[in-house]
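The following exercises concern side-chain interactions in a protein model.

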Amino acid sequence: MKVKVSNANTPNWKDVDVKAFIPKELEKLSEISRNIWWSWNYEATELFRDLDPQLWKETGHNPVLLLERISYESLEALAKDKVIIKRMNEVYTKFKDYMSVEPDKTRPSVAYFSMEYGLNSILKIYSGGLGVLAGDYLKEASDSNVDLCAVGFLYKYGYFTQSLSMDGQQVANYEAQNFGQLPLDRVLDANGQQLVVKVPYLDYFVSANVWRVNVGRISLYLLDTDNDANSEFDRPITHQLYGGDWENRLKQEILLGIGGILTLKELGIKKEVYHCNEGHAALINVQRICDYVAEGLSYEQAVELVRASSLYTVHTPVPAGHDYFDEALFGKYMSGYPARMGISWDDLMDLGRNNPGDKSERFCMSIFACNTSQEVNGVSWLHGKVSQEMFAPIWKGYFPEESHVGYVTNGVHFPTWCATEWKQLYDKYFSENFIYDQSNAKIWEAIQNVPDAEIWATRQQMKSKLIDYIRRQFRESWLKNQGDPSRIVSIIDKMDANALIIGFGRRFATYKRAHLLFTDLDRLAKIVNNPERPVQFLFTGKAHPHDGAGQGLIKRIIEISRLPQFLGKIIFLENYDMQLARRMVSGVDIWLNTPTRPLEASGTSGEKALMNGVVNFSVLDGWWLEGYREGAGWALTEKRTYANQEHQDQLDAATIYSILEAEILPLYYNRGKKDFSEGWVKVIKNSIAKIAPHYTMKRQLDDYYSKFYSKLSERFKLLSANDNAKAKEIAAWKQNVAEKWDSIEIISSDKNEEILSGSIESGKEYSVTYVVDEKGLDDSIALELVVTYINAEGKQHVYSVAPFKLIKREGNLYTFQVKHSLSNAGSFKVMYRMFPKHADLAHRQDFCYVRWFY
């Protein structure tokens with residue numbers, strides 16, 4: 001026998017989690033570290049920090065990794081440290097008391113779905129505002145003790161880490177996460193193995209590992225397709241957030257929607273309300289319909305139940321920002337679902353189209369979400385209005401202002417974003433139950449009683465912490481990518497806590513207008529180089545790897561920051577994440593925001609800033625349109641002067657310079673005989689007292705319950721009671737109306753000559769009568785008089801709507817009459833609208849059949 005040179009099989013490596021040895025005296029630390037609760041309770045984070053301050057920094061403030069890397073000898077010593085043991089027991093008692101509270105069963109239970117969650121900087125499953133909002137939402141759900149669970153993805157690489165090349169070009173680095181070193185747990189099945197959910201794709205299944213993050217009292221379930229059972233084409237589904245091509249995006253959205261519902265089924269979890277945070281998870285309603293049909297309901301009955309328990313929150317203000325899929329691609333993965341839903345392929349496609357039957361339209365997840373959710377909302381008052389217009393084509397026959405689309409203005413999780421120093425100040429001067437009653441404006445008024453010097457001292461302390469952080473965190477990377485060491489030293493030396501510091505931190509999309517400040521470099525140079533009134537600007541943010549224009553903006557700011565007149569006065573801080581964000585929103589003096597109106601759906605960074613005594617200077621867009629109060633910050637008007645965007649940008653830039661020169665800088669540096677500006681402190685106090693209580697995440701969560709969750713829960717209970725009797729009744733009624741709609745006949749009308757001629761007199765009452773043959777529908781039709789006008793922008797709007805009264809019925813003939821007058825003279829448009837009516841419809845758009853006539 002000839003001996004081979006080598007003979008080795010391919011090893012099938014088994015993942016093994018090796019847990020660090022923790023002395024019995026310190027075991028409580030391990031339990032606390034596995035729950036994200038520690039991240040918004042400063043007593044816990046300070047406890048972990050003090051175990052080994054240097055290692056805490058090196059591990060990125062990750063207590064799981066800290067306990068793994070801390071030496072055996074150090075742990076033995078800590079186990080004998082009476083002060084540490086005492087502090088640990090106090091934190092543990094607080095934690096267990098918090099966790100022992102049962103969920104509030106008086107409020108509806110909720111299942112929440114989102115593509116990303118920003119819980120802290122070590123768990124890289126977020127990219128920006130959408131994820132941070134979702135993370136804040138879970139934390140507040142925990143603090144408010146509601147019955148909620150959430151579903152998302154555990155990304156292998158997450159969103160990218162940003163660095164800068166020598167010439168200022170953004171470099172996107174994708175770094176694999178080690179799941180064993182993160183605060184999360186494997187979800188186990190009945191056999192003690194990690195739960196794997198099998199999600200149908202084409203004619204095969206994708207296997208998704210299920211993980212759980214404990215967010216206080218809330219469970220966040222994360223799906224991960226990096227499983228050996230999957231092909232090389234499917235393992236990367238959860239590798240990157242918003243990565244890959246459109247096919248991978250569709251695979252992700254199938255996994256989040258359909259896989260998310262299958263995961264909850266595997267876990268035996270049923271909730272009353274299902275909430276899609278953006279359209280990525282819209283396919284939850286496909287799976288839910290399939291499940292009801294499998295139980296014996298028709299599609300029409302199933303969709304009534306699904307709609308009655310579904311809420312879709314939109315965060316995008318323009319149609320182009322939504323996900324659209326070509327029919328061929330969508331059909332490649334979804335063609336098997338219509339049969340299970342009890343509908344045709346064209347029916348499913350039409351649920352994602354503005355114009356059903358138009359084969360040229362792609363399938364839009366957001367439109368599908370609107371069509372299968374009873375409630376839809378934007379994320380600020382203005383964005384609610386924008387969303388009504390954006391989605392108006394779905395519900396033809398109604399004007400945008402008549403839409404059921406509502407809004408809940410975003411807020412922020414106070415314990416996460418308020419710096420420890422400010423929490424301690426609030427604890428000192430506010431009422432004891434403040435943390436449980438954050439939306440109570442009366443409590444926040446106590447800030448007016450805090451000595452001005454104490455407010456100023458706290459602000460200076462936070463500015464110094466920010467500067468120290470920048471010096472520690474960025475010295476090495478700046479030396480690496482900015483070349484000249486003397487320039488780096490100059491930048492660091494010029495950072496001054498006594499200067500007015502203005503911060504700008506957000507995603508570098510072009511509509512955010514990060515370039516606005518640099519419209520007139522000569523004027524800007526004079527502002528930042530005034531020795532009597534020094535100003536420094538800190539910029540930070542990431543551009544999407546495929547957004548060349550956004551990356552160009554970053555490069556341009558880097559180039560400007562290296563000009564001699566701006567060196568150390570304009571600084572770009574790379575790799576904007578939650579850790580840097582916390583330092584920025586608490587350490588600058590002014591938070592600057594300059595979006596193109598009305599493209600800022602809400603924005604929350606300014607809300608975080610105001611919790612820390614930072615003053616906002618922003619365009620009146622998103623949340624600031626509602627939040628701005630005179631004397632509590634500065635605003636650029638929301639009204640456009642020029643249709644040409646370049647001209648508008650120049651005007652807005654000039655306005656920013658003028659406000660800085662004439663108002664902000666004189667006020668900040670008007671110290672009088674004191675070491676601080678009383679006028680500036682007054683603005684801080686007004687900002688905190690008059691604005692902050694209205695933008696907490698507690699207020700946001702309460703709004704979702706009062707505006708949507710409770711309403712959905714009540715209607716779902718109505719429809720599902722007695723073996724879904726009401727759902728079956730409404731489905732049958734809709735079917736009957738739909739079949740007879742086109743045959744409904746207007747038999748006669750009675751109008752005077754003035755109405756017929758279209759020339760009427762203001763203030764005069766007119767009577768109109770119609771006789772309608774309902775064709776056996778039994779009082780299922782209503783009429784109304786709709787008067788509209790054309791505004792200055794040429795858009796048609798509702799002036800008034802007057803309902804007809806039913807004054808007579810003879811068999812199938814119904815006589816309707818309206819008496820109406822117009823109080824104003826002018827040019828109007830008048831039509832009559834017929835629509836179906838039923839006492840148990842959620843709203844008009846729930847069954848959007850309309851016939852116009854005159």
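**Exercise 1. Salt bridges between separate elements**

The model is a predicted one. Counting a side-chain nitrogen of Lys or Arg within 4 Å of a carboxyl oxygen of Asp or Glu, the total is 55 salt bridges. Characterise the pair Arg249 and Asp323, and then the pair Glu600 and Lys512.

Solution. 
Step 1. The closest N and O atoms of Arg249 and Asp323 are 3.0 Å apart, and the two residues form a salt bridge. Arg249 belongs to helix H8 (residues 246-266), whereas Asp323 lies in the loop between strand S10 (310-313) and strand S11 (324-325); this pair links distant parts of the chain, 74 residues apart.
Step 2. The cut-off for buried is under 20% relative accessible area. Arg249, at 15%, is therefore buried, and Asp323, at 9%, is likewise buried.
Step 3. In the salt bridge of Glu600 with Lys512, the closest N and O atoms are 2.8 Å apart. Glu600 is in the loop between strand S18 (590-593) and helix H24 (605-610), and Lys512 is in the loop between strand S15 (500-505) and helix H21 (521-528), so the bridge ties together parts 88 residues apart in sequence.
Step 4. Glu600 has a relative accessible area of 5% and is buried; Lys512, at 9%, also counts as buried.

**Exercise 2. A salt bridge within a helix, and a network**

How many residues apart are Asp703 and Arg699 in helix H28? Which residues are linked with Glu304 in a network of salt bridges?

Solution. 
Step 1. The side chains of Asp703 and Arg699 form a salt bridge with an N to O distance of 3.0 Å.
Step 2. Both residues lie in helix H28 (residues 697-740); because they are 4 residues apart, about one helical turn separates them. Asp703 and Arg699 are both buried.
Step 3. Glu304 is linked in a network of salt bridges with Arg307, Arg715, Lys734 and Asp846.

**Exercise 3. Cysteines**

Solution. 
Step 1. The structure holds 0 disulfides. Cys276 is in none, and the nearest cysteine sulfur, in Cys370, is 11 Å away.
Step 2. For Cys364, the closest cysteine sulfur is that of Cys370, and 8.1 Å is too far for a bond.
Step 3. Cys276 is buried at 3% relative accessible area, as is Cys364 at 1%.

**Exercise 4. Aromatic pairs**

Classify the pair Tyr312 and Phe391, and the pair Phe414 and Trp444.

Solution. 
Step 1. Among 55 aromatic pairs, Tyr312 and Phe391 form a tilted one, with 6.2 Å centre to centre and 55 degrees between the planes. Tyr312 lies in strand S10 and Phe391 in helix H15 (residues 381-391), so parts 79 residues apart in sequence are tied together.
Step 2. The ring centres of Phe414 and Trp444 are 5.9 Å apart and the planes stand at 90 degrees, so this pair is edge-to-face. Phe414 is in helix H16 (residues 414-417) and Trp444 in helix H18 (residues 441-444), 30 residues apart.

Methods: Residues are numbered from 1 along each chain as its sequence is written. This is a predicted model: local features need pLDDT of at least 70, side-chain atom pairs count only at pLDDT 80 or more; totals for chains, interfaces and linings use all residues. Side-chain values use heavy atoms; hydrogens and water are left out. Helices (H or I, at least four residues) and strands (E, at least two) are DSSP runs, numbered from the N terminus. Buried means under 20% relative accessible area, exposed over 50%, partly exposed in between (1.4 Å probe, protein chains only). A disulfide is a pair of cysteine sulfur atoms within 2.5 Å. Rings of Phe, Tyr and Trp (its six-membered ring) pair if their centres lie within 6.5 Å; planes under 30 degrees apart count as stacked, over 60 as edge-to-face and the rest as tilted.
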